[in-house]
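Subject: Structure for your files

Hello,

Here is the structure I said I would pass on. My notes follow below it.

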Amino acid sequence: MRTLLPLLPPLLLIAAAPADPAVEAALASAGPGTRIGLVVTDEQGQEIVAIRPDDRFVPASNTKMFTTAAAFALLDTQAPDGGGGATVRLEGRDVVLAGHGDARLSSAPDCATDCLIDLARAVAARTRIVHDVIGDDSAFPDERWPQGMSWNNIPSRYGTAISALTIDDNVTTIAIKPGPVVTGDGYYRIDNRVVTGGTKPALGFTRAPNDRVVQVTGTVPPGASETLTIAIDDPAHRAAWRLAAILRDLGVRVTGTIGVRHRAPSPSDDPATRGAAPAARPPEPSVLARLAPPPLAADLRVTNKVSQNLHAELLLRRIGALAGTGSVADGQRAVRTMLDGAGVDRWSYDFADGAGMSNYNRLTPRAAVRFLRWTQTQPWGAAWRETLPVGGVDGTVARRFGGTALNGKLFAKTGTINAANALSGFLIAASGRTLTFSALANDMPGDASATAAVDKALLAVAAAN
């Protein structure tokens, strides 16, 4: 475990200069009802702009800033990720595939690293007949969805279930071809309600939680082909199902069924209940083979650049497993400890998850700026900053700030859920100075986007400084 460096001196909290009229006009363009907080500081911590600095906002995926920073601070991000890699073992005639929090395990035919087929080959080299194939995700408590996440996100790739045993980002695809013919890979049963018509595809799907039937609806033009991405509710079961299929392809006979081993959450998974008692850790059974995924550094980059929810949630559980049981509560404690060290006031934030899908999350712009400035005093701060999307260049801001004075000069994490937009990070102003900022917008009527207003305000800040 790494050591956090001491916190920065307190931010200068003297009265900020009156807001630039151009900044105020830009934020006002978001329309009535919208609530926007914006804090910008210079390199010494002097506040240049402070609008609603201590209001608490739903930060959406700005939450990932804190989770990924904690991962940089506490995990070894440079060495091969053997501790998180999936394992396979034999228990009598049964095959047990166990996950340990790796987000990158793949069953794709063209897989080159972190491949499920390598574990299947280890089984095939030992035996040509097995009984049950079991997916074991008991390394973490069974907490598949964050508290406060909207239920309608569950069937989508943005709200797929979280599991210590993750495979193919815990999603599968459904293809719609002329006919229309709707097919999947066999995991879900398809109820095809698609009709041919229209000039462009208009497709949707529904799936009840824990149901293995997906109803696909809508219209598709003649001759058109489309693909839908469907979330998995029980990733451990899905991973075992994929392993069984690969074993059969390798000539191994599977005579039993697909099973799962989950670990129900218990009071001892909460450090507040556990107190000073050490977290219970069952002994690790001997394994037939273990994967060593690539270093976490690359995955942290992906997590922030594209705002990958599942990967962020697994990181929260992995930092929680360092001194705890891998529960969400243990991950939250690790983040709180980091923020205590950064000098961020406890009242200024609440995080119910690691990715930002929860509507229970809250953050003030001033707290976000305080945290951002602190990261740059840490040994890993530069590497963490490089994971942030770059305006006009890549990630979730690739189509923002292009052709403006901030093209390639803004490094920030986005956030978007219902009636919430966020953008926090660093920008290089006209003077060449690096400014730290946090813009949080909530309560947009009709879920309208406030990103255009925020972008105009930041361009005005950059031009004036």
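**The loop between β6 and β7**

D168 sits in the loop between β6 and β7; here helices (H or I, at least four residues) and strands (E, at least two) are DSSP runs, numbered from the N terminus. This is a predicted model, in which local features need pLDDT of at least 70 and side-chain atom pairs count only at pLDDT 80 or more, while totals for chains, interfaces and linings use all residues. Residues are numbered from 1 along each chain as its sequence is written, and side-chain values use heavy atoms, with hydrogens and water left out.

D168 is not a glycine, yet has a positive phi of about 55°. N170 lies in the loop between β6 and β7 as well, and N170 also has a positive phi of about 55° without being a glycine. Most residues other than glycine have a negative phi, and most peptide bonds are trans. D168 counts as partly exposed because its relative accessibility is 23%, whereas N170, at 0%, counts as buried. Buried means under 20% relative accessible area, exposed over 50%, and partly exposed in between (1.4 Å probe, protein chains only).

A cis peptide bond is found between G179 and P180, with omega about -10°. P180 belongs to the loop between β7 and β8 (181–183).

**Helix α4**

Helix α4 covers residues 235–249, 15 residues in total. From first C-alpha to last it reaches 21 Å, close to the expected 21 Å at 1.5 Å a residue; the expected span is 1.5 Å times one less than the number of residues. Of its 15 residues, 11 are buried, so α4 is largely enclosed by the rest of the structure. Among the buried ones are P235, H237, R238, R242, L243 and I246. What do the buried residues of α4 pack against? They pack against β4 (94–98), α3 (116–126), β6 (133–136), β7 (171–177), β13 (253–254) and β14 (258–261); contact means heavy atoms within 4.5 Å. Just after α4, G251 has a positive phi of about 90°.

**N309**

N309 is part of helix α7 (residues 309–323). Its relative accessibility is 8%, so N309 counts as buried. Leaving aside residues up to four places away in sequence, N309 touches S61, K64, Y158, A355 and M357. A polar atom of the N309 side chain lies 3.0 Å from the backbone oxygen of Y158.

**A three-stranded sheet**

Three strands form an open sheet in the order β9-β11-β10, with mixed pairing. Its edge strands, β9 (189–196) and β10 (202–206), each pair on one side only. Neighbouring strands here are turned by 10° against each other on average, direction ignored; axes are lines fitted to C-alpha atoms, for helices over the stretch in contact, and angles run from 0 to 180 degrees between N-to-C directions. Between β10 and β11 (residues 213–220) the pairing is antiparallel, over five bridges; two strands pair if DSSP finds at least two bridges between them. F205 has V216 in β11 as its bridge partner.

**Confidence**

The mean pLDDT of the protein is 94, and 96% of its residues reach 70 or more; pLDDT is the predictor's confidence in each residue, from 0 to 100. Over residues 7–17 pLDDT stays under 50, and the model has 27 contacts beyond four places in sequence for these residues. Where pLDDT is low, the predicted coordinates should not be read in detail.

Regards

Methods:
Polar contact = N/O pair within 3.5 Å; in protein donor to acceptor, adjacent residues only side chain to side chain.
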